[in-house]
Amino acid sequence: MTVDDLPVGARIKAQRERAGLSRPVLAGLVGRSAEWVKAVETGRLQVPRLPMLLRLAEALGTEDLATLTGDEHAVPVQLFAGERHEALSAVQAALTDYRVTPAVKPQPVEHLAVRLRQAWHVRHNSPDHRTRLGALLPGLIRDAQTAARTLRGDQRRQARRVLAGVYQLADFYVAYQPAPELVWMVADRALTEAHEVDDPYLVAGGVWAMVQALRDSGRWEEAITLARDGISQLEPHLDGAPVDWRGLAGALEAEIAYVYARRGRYGPAWAHWERADRIARQLGPGYRHTQSSFSTSVMGAHAVTLGVELRRAGEALRAADSFEPTEIVSVPRRARHLIEVARGHYQRDERPAVWALLNASERTAPETIKFNGFAREMLLDLSRRPPAGLREDVRSLCQRVGVAV
């Protein structure tokens, strides 16, 4: 068997040995076990999905994903990982500021809470949401950390409550950037601060972020178990609690559905989607959960994603036809939904529709598509096989998104 004929697992093994890494070391770098690495290398487990392949490529120092996948064309890892946003270093510096003695006096907790609410508004309403968050987060992170470290008594508890929310917000900024360690850091810190406050709602919000980190690392059983645990934290308090408690429970049910879809488990995926959808309909069309965007319209978007992940493109596109994207209030979430619909058409090789939807996503929120690996993959393929009459349009969109063609 020649190198070109090697299966993906054998390619991973060859690159690991070339890099001089043992199985336990590589496993630690990607958050899995040495036995898992062995099972992938020997073919006992199926080929890892794109997010894990990216982590493996980065850990192995492989710049071309085709080295692991055996694709005919070069596929730069950066194409999928996205660019490094210009403010990422400043956000990272704020997150890793471990000074014991703060440089400034703590701000009033009430003022920090207002700044956090304003930042959430920016996140959901700005097409350039990543750039605007990048400008706000370094100062907000430092000020919230200072308050949580220096205030005492009930003021400290309230400061930690705000800090948990700041970390939950930061999760949206660091996602889909070439710094996966920051995704784990902010998810873990949000959960830790919530536990310190002893607030079941905050804990469940931290769980929601952590479930996504586990899911994208292929740690599916852990993700499902944690999501169920988060729901169990909320359930005893749902009667008489603010509606957001129920909204967050619905968002966690939707995440379980997503994990099952990633695993190809059709029945459980739709069963949990239906549970989440019932909650969304009970809350009504005017409801939207701030952190997760959980709502009736986003449940429609989740139905599209489930269809795509389950390789049921027809179901995904029927779900897409059931509502208008403009019903999704969050601008970045709306742009992501358009990418998911494009994935459905891509599975059917309907390239003009793929281009139209990716173009619509870019015009809706350009900073969403720039950091979305699925969108960049589809654009690369469109540049190689442009739809009739759209060659220059595809080239223009690639340039705007930052995909070199």
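Gly134 sits in helix α9, which covers residues 129-150 of this predicted model. With a relative accessibility of 5%, Gly134 counts as buried, because the cut-off for that class is under 20%. Apart from its neighbours within four places in sequence, Gly134 is in contact with Ala87, Val91 and Tyr173.

The next topic is helix packing. Two packed helices are described by the angle between their axes and the distance between the axes. For helix α10 (residues 153-174) and helix α12 (residues 200-216), the axes come within 10 Å and cross at roughly 20°. Angles under 35 degrees count as roughly parallel, so α10 is roughly parallel to α12. The crossing of these two helices, α10 and α12, is left-handed. On the α10 side the contact is made by Arg161, Ala164, Gln168, Asp171 and Phe172, and on the α12 side by Leu202, Gly205, Gly206, Trp208 and Ala209. Sorted by class, the contact of α10 with α12 has 5 nonpolar, 3 polar and 2 charged residues.

Phe172 and Trp208, both part of that contact, also belong to one aromatic cluster together with Trp120. The count of aromatic pairs comes to 5. One of them joins Trp120 and Phe172 in an edge-to-face arrangement, with 5.7 Å centre to centre and 80° between the planes. Trp120 lies in helix α8 (residues 109-125) and Phe172 in helix α10, so this pair ties together parts that are 52 residues apart in sequence. Trp120 is buried, with a relative accessible area of 10%. Phe172 is buried as well, with a relative accessible area of 16%.

Most residues other than glycine have a negative phi, and most peptide bonds are trans. Asp198 is not a glycine, yet has a positive phi of about 60°. Asp198 is placed in the loop between α11 (180-197) and α12. Its relative accessible area is 63%, which means that Asp198 is exposed, the cut-off being over 50%.

Ser293, also not a glycine, has a positive phi of about 65°. The loop that holds Ser293 runs between α15 (266-283) and α16 (296-309). Where Asp198 is exposed, Ser293 counts as buried, at 2% relative accessibility.

Methods: Residues numbered from 1 in each chain as written. Predicted model: local features only at pLDDT ≥ 70, side-chain atom pairs only at ≥ 80, totals over all residues. Heavy atoms only, no water. Axes fitted to C-alpha atoms, helices over the stretch in contact; angles between N-to-C directions. Helix = DSSP H or I, 4+ residues; strand = E, 2+ residues; numbered from the N terminus. Parallel < 35°, antiparallel > 145°, perpendicular 65-115°, else oblique. Left-handed = near helix turned anticlockwise from the far one by under 90°. Contact = heavy atoms within 4.5 Å. Nonpolar A, V, L, I, M, F, W, Y, C, P; charged D, E, K, R; others polar. Buried < 20%, exposed > 50% of the residue type's maximum accessible area, 1.4 Å probe, protein only. Phe/Tyr/Trp six-rings, centres within 6.5 Å; stacked < 30°, edge-to-face > 60°.
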